[in-house]
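I opened this model to take notes on its sheets, its ligand shell and its core. Here are my entries, in the order I looked things up.

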Amino acid sequence: MTAAAPLLDVAGLNGWYGKSHILQGIDLAIRDGELVALLGRNGVGKTTTMRGLTGLLPRAEGRVRFDGTDLLGLPPHVIARRGLALVPEHRGIFGTLTVEENLSLAARRESRWRIADIFTMFPALAERRRTPGGKLSGGEQQMLSIGRALVTGPRLLLLDEPTEGLAPVIVDRLVELIRDLKATGLSILLVEQSLDVCLAVADRLAIIDSGRIVWEGDGPALKAADDIRGRHLTLEHA
Ligand SMILES: Nc1ncnc2c1ncn2[C@@H]1O[C@H](COP(=O)(O)OP(=O)(O)O)[C@@H](O)[C@H]1O
Ligand SMILES: [Mg+2]
């Protein structure tokens, strides 16, 4: 018997913005149901990696295999239909549309999350269902952004710095939510600056520097690796 192929299998992913060669050969695998945290300093290519996986880079080469099929070169909406959903760094919700409209636009029948489920998950959003997205607090916008990704029916959820700029009590709530989502069997790639958040939820961690994965391991291994943290992460998070 051979081990099952990973759900996401990325090999030698290179990515460019114009002439800037940002991704320098990313190798990364995520198994079904696994939560992998991607860590790294500002500007090393975390968001660019997420964009490369979801068809949003102007130029990308290498291999992005998802559930046995190649995604590289497919347009973003096709990739989304295959089950990759990106919750982007700055949330990307429609500010003039209401909470409910933001969710309705994204919803797909194939998803196991209905809009009603999102309102159960986030009662604050239910209360504000007719409020324009732009009028929500930062935490509510993050919840809406996650809800919008879930109603598309993802098999792999890509979360790009979901806790950025949020109050500690909201961060705790998001950590709980990420754990609950993982418990449903959803696979997750989490980009996160807070090492504490990563250690709280991740099965495995990968560190990226200058467009390459430079270290992979679990939480205890990273805690023990002072040199790695010093070299590739910002010390305040260590
Ligand atoms: N749209 C863009 N055009 C040109 N360069 C970009 C663009 N977006 C990001 N970059 C550059 O790519 C590098 C990686 O950025 P990014 O992936 O956003 O970093 P991270 O998410 O790790 O902070 C940075 O040097 C950044 O300046
Ligand atoms: Mg980023």
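**Ligand 1.** I sorted the shell around ligand 1 by class: three nonpolar, seven polar and one charged residues, in a model that is predicted. I then listed the residues around ligand 1: Y17, S20, I22, G40, N42, G43, V44, G45, K46, T47 and T48. I asked which elements give two or more residues to this shell. They are β2 and α1. Helix α1 gives the most, with three residues.

**Helix α1.** I went to α1 next and checked burial. Seven of its eight residues are buried, so the helix is largely enclosed by the rest of the structure. I noted the buried ones as K46, T48, T49, M50, R51, G52 and L53. Just past the helix I found G55 with a positive phi of about 80 degrees.

**The four-stranded sheet.** I traced an open sheet of four strands in the order β2-β1-β4-β5, and its pairing is antiparallel. Which strands stand at the edges? They are β2 (20-30) and β5 (69-70); each has a single partner strand, so one side of each is left without a neighbour in the sheet. I then saw α1 (residues 46-53) packing on this sheet, where the helix touches β1 (8-17), β2 and β4. The direction of α1 makes about 70 degrees with that of β2.

I followed the pairs one by one. Strands β1 and β2 run antiparallel and are joined by eight bridges. In that pair, N14 stands opposite Q24 of β2. The hairpin of β1 and β2 has two residues between the strands, and G18 in this hairpin takes a positive phi near 55 degrees. At the other end of the order, β4 (residues 59-66) and β5 are also antiparallel, with two bridges between them. There I found R65 opposite D70 of β5.

**The six-stranded sheet.** I traced another open sheet, this one of six strands, in the order β6-β7-β8-β3-β9-β10. Its pairing is mixed. The edge strands are β6 (84-87) and β10 (212-217), and each pairs on one side only. I noted a twist that averages 20 degrees from one strand to the next.

β7 and β8 are parallel over five bridges, and L158 stands opposite L189 of β8. β3 and β8 are parallel over four bridges, and here L38 faces V191 of β8. β3 (residues 35-39) and β9 (residues 204-209) are likewise parallel, with four bridges. In β9, R204 is the bridge partner of V36.

**What covers this sheet.** Helix α7 (residues 168-183) lies across β3, β7 and β8, and runs at about 150 degrees to β8.

I then asked how many residues of β8 are buried. Five of the five are, so β8 is largely enclosed by the rest of the structure. Both of its faces are covered. S187, L189 and V191 are buried on one side, I188 and L190 on the other.

**The core.** I looked up the largest nonpolar core, which has 68 residues. The members with the most contacts inside it are L38, L84, L157, L158, I188 and L190. I picked L190 and listed what it touches, leaving out residues up to four places away in sequence: L35, A37, L38, L159, I178, V201 and A202.

D67 is not a glycine, yet its phi is positive, at about 50 degrees. It lies in the loop between β4 and β5. R91 is not a glycine either, and its positive phi is about 75 degrees. I placed R91 in the loop between β6 and α3 (99-106).

Are these residues buried or partly exposed? D67 has 16 other C-beta atoms within 10 Å, so it is partly exposed. R91 has 22 C-beta neighbours inside 10 Å, so it counts as buried. The cut-off I applied for buried is 20 or more.

Notes: Residues numbered from 1 in each chain as written. Chains lettered and ligands numbered in written order. Predicted model: local features only at pLDDT ≥ 70, side-chain atom pairs only at ≥ 80, totals over all residues. Pairing = 2+ DSSP bridges. Contact = placed C-beta atoms within 7 Å. Axes fitted to C-alpha atoms, helices over the stretch in contact; angles between N-to-C directions. Buried ≥ 20, exposed ≤ 12 C-beta atoms within 10 Å, placed from the backbone. Near = placed C-beta within 6 Å. Nonpolar A, V, L, I, M, F, W, Y, C, P; charged D, E, K, R; others polar. Core = buried A, V, L, I, M, F, W, Y, C linked by C-beta atoms within 7 Å.
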